[in-house]
Amino acid sequence: MAEPYERVNYDFGAADRLASALTAAADRTHSVIAQRQAERSRQLGEAPGLSWNGRHRRDFERDFTRQQKALMALEQDLRDVLRVLNRTTEQAHDASLRHH
């Protein structure tokens, strides 16, 4: 008896294009994270208190940290989807080889 996934025509070209787009998006997100961190360090220094103190600095640091965490989560989500896509493509390839 045939498994249900064996009857599906898997579009390997579309999967490759999607994998490329996900890789580019994750890499670009990683780059933005690093660029933001470098710019923050360049402008403000590594340790709070060396250049700018007070409530506004604390607010900035809190918001900056929140934004960086959101970008890191986005990058991780993109890489997670890419892993699932790659695994699915590999399974489709293996199923294709078994049934031809």
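A salt bridge is a side-chain nitrogen of Lys or Arg within 4 Å of a carboxyl oxygen of Asp or Glu, and by this rule the count here comes to nine salt bridges. The model is predicted, so that local features need pLDDT of at least 70 and side-chain atom pairs count only at pLDDT 80 or more, whereas totals for chains, interfaces and linings use all residues. Residues are numbered from 1 along each chain as its sequence is written, and side-chain values use heavy atoms, with hydrogens and water left out.

**First stop: the two helices**

Select residues 12-44, which form helix H1, and then residues 55-98, which form helix H2; helices here are DSSP runs of H or I with at least four residues, numbered from the N terminus. Two packed helices are described by the angle between their axes and the distance between the axes. H1 and H2 pack at an angle of about 160°, with their axes 9 Å apart, where the axes are lines fitted to C-alpha atoms over the stretch in contact and angles run from 0 to 180 degrees between N-to-C directions. H1 and H2 are therefore roughly antiparallel, a term for angles over 145 degrees. In the contact of H1 with H2 there are 20 nonpolar, nine polar and seven charged residues; Ala, Val, Leu, Ile, Met, Phe, Trp, Tyr, Cys and Pro count as nonpolar, Asp, Glu, Lys and Arg as charged, and the others, Gly among them, as polar.

**Second stop: glutamate 61**

Now select arginine 40 and glutamate 61, whose side chains meet in a salt bridge at 3.0 Å, N to O. This pair links distant parts of the chain, with arginine 40 in H1 and glutamate 61 in H2, 21 residues apart. Arginine 57 and glutamate 61 both lie in H2, four residues apart, about one turn of the helix.

Is glutamate 61 buried or exposed? Glutamate 61 has a relative accessible area of 15% and is buried, a word that means under 20%, while exposed means over 50% and partly exposed lies in between (1.4 Å probe, protein chains only). Arginine 40 is buried as well, and arginine 57, at 3% relative accessibility, also counts as buried.

Finally, select aspartate 59 and arginine 62, whose side chains meet in a salt bridge at 3.2 Å, N to O. Salt bridges that share partners join Arg55, Asp59, Arg62 and Asp63 into one network. Aspartate 59, with a relative accessible area of 22%, is partly exposed.

Conventions
Angles under 35 degrees count as roughly parallel, over 145 as roughly antiparallel, 65 to 115 as roughly perpendicular and the rest as oblique.
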